[in-house]
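Subject: Handing over the model, with notes

Dear colleague,

Please find below the structure I promised to pass on. My notes on it follow directly after, and I would be glad if you read them with the structure open beside you.

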Amino acid sequence: MTLKPVPGSAQRLRLLRRSLAGAPPAERRARLAAISDAIRRRDLEMIRHAGMGHVGGDFSAVDILTVLYVLVLDCDPERPEAPERDRFIQSKGHSSGTLYATLSYAGFFPDAELDTYMDPLSPLGGHPDRREVPGIETNTGPLGHGLPVAVGAAIAARLDGSPRRVVVLTGDGELQEGSNWEAALTAAHRGLDNLTVVVDRNRLQQGARTEDTAALEPLADKWAAFGFAVRGVDGHDHEALYEALTAPPEPGRPTCLIARTEKGHGVSFMADRVEWHHRVPTAEETVRAMAELAG
């Protein structure tokens, strides 16, 4: 079953975007933070229902996705296949819960569908499927695949003479996959300044810290050596993300935005704890987390 967009969602998203873009920075930051926490609460409900999921990595990426879909990406939830849409690829496909919750918030499909997360035959599986869910550009899950696909999409836009941009979100542990660096070489060689790589730099991966598994630092220097214009940003500061994601690219160079994040962000007992990579909260923990996210 392919999900359908919510009627009127495009107009709602346009009005929200216009309101936020014209708001003072402090107000915009507060309103975006409230949206992000609402998405976190919905994601927590989904994971509790499913009895599986990746809450830690979901929560580290929520603020990035909120800013992208609410303020930055040129996309229409009622026309998810519009040829000139911006392309967003979430390479860390295991964090599907937060992607689905964000797409639903933007109106790509009804909120009620989130209650079927990971149910048998549900379109909302553990990894996103572009054939089932509007707004998904490519199936992801095996790590290291998203950036190569994004490079191809950016090349396609260049060949079409199109101004559309391509944004890809990667995990940091995922950067231990060599396919990312092959793709990075190609992106720089072709001068793909329509491509932005956002690294969810929460410093944790399944079972350990990234630096204890296969050290990534100095990460900014690595991306710069591969030919990218590199910027750092607080991945939980909505205003800083908005500025970074709307800043003009450096001509002839792809961009890497290293977003400093925290796994499990927003919930005190999950924050920066490796066990929350894919642990499911108990009923009591869910109540505690919900209370913190509602604060």
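Buried, in these notes, means under 20% relative accessible area, exposed means over 50%, and partly exposed is anything in between, with a 1.4 Å probe and protein chains only. At 10% relative accessibility, Arg 85 therefore counts as buried.

Two remarks on the source come before the rest. This is a predicted model, in which local features need pLDDT of at least 70 and side-chain atom pairs count only at pLDDT 80 or more, while totals for chains, interfaces and linings use all residues. Residues are numbered from 1 along each chain as its sequence is written, and side-chain values use heavy atoms, with hydrogens and water left out.

To stay with Arg 85, this residue is found in the loop between α3 and β1, where helices (H or I, at least four residues) and strands (E, at least two) are DSSP runs numbered from the N terminus. The side chain of Arg 85 makes a polar contact with that of Glu 137 at 2.8 Å, a polar contact being a pair of N or O atoms within 3.5 Å, of which, within protein, one must be able to donate a hydrogen and the other to accept it, and residues adjacent in sequence count only if both atoms are side-chain atoms. A polar atom of the Arg 85 side chain also lies 2.9 Å from the backbone oxygen of Ala 82. Leaving aside residues up to four places away in sequence, Arg 85 touches Asp 74, Pro 80, Glu 137 and Arg 164, with contact taken as heavy atoms within 4.5 Å.

The sheet comes next. Five strands form an open sheet in the order β1-β2-β3-β7-β6, with parallel pairing; two strands count as paired if DSSP finds at least two bridges between them. β1 and β6 (229-234) stand at the edges with a single partner strand each, so one side of each is left without a neighbour in the sheet. From one strand to the next the twist averages 20 degrees. Four bridges join β1 to β2, and one of the pairs is Arg 87 with Val 166 in β2. Six bridges join β2 to β3, where Thr 170 stands opposite Val 199 in β3. β3 is joined to β7 by six bridges, with Ala 259 in β7 as the bridge partner of Asp 200, and β6 and β7 pair over six bridges as well, with Val 230 opposite Cys 256 in β7.

Seven of the seven residues of β3 are buried, so this strand is largely enclosed by the rest of the structure. Leu 195, Val 197, Val 199 and Arg 201 point one way from β3, whereas Thr 196, Val 198 and Asp 200 point the other way. β7 is mostly covered, with five of its six residues buried.

Among the helices, α5 (residues 146-160) has 15 residues and reaches 21 Å from its first C-alpha to its last, close to the 21 Å expected at 1.5 Å a residue, the expected span being 1.5 Å times one less than the number of residues. α5 packs on the sheet, touching β1, β2 and β3, and its direction makes about 170 degrees with that of β2; axes here are lines fitted to C-alpha atoms, for helices over the stretch in contact, and angles run from 0 to 180 degrees between N-to-C directions. The buried residues of α5 include Leu 147, Val 151 and Ile 155, and their cover includes α6 (178-189) and α8 (219-225). Gly 161, which follows α5, has a positive phi, near 65 degrees.

α2 and α10 (residues 283-293) pack at an angle of about 170 degrees, with their axes 10 Å apart. They are therefore roughly antiparallel to each other, on a scale where angles under 35 degrees count as roughly parallel, over 145 as roughly antiparallel, 65 to 115 as roughly perpendicular and the rest as oblique. Residues of α2 in this packing include Arg 41 and Leu 44, and those of α10 include Ala 289 and Met 290.

Finally, in α9 (residues 238-246), the buried residues include Leu 241 and Tyr 242. Asp 237 caps the N-terminal end of α9, with a side-chain oxygen 3.1 Å from the backbone nitrogen of Glu 239.

With best wishes
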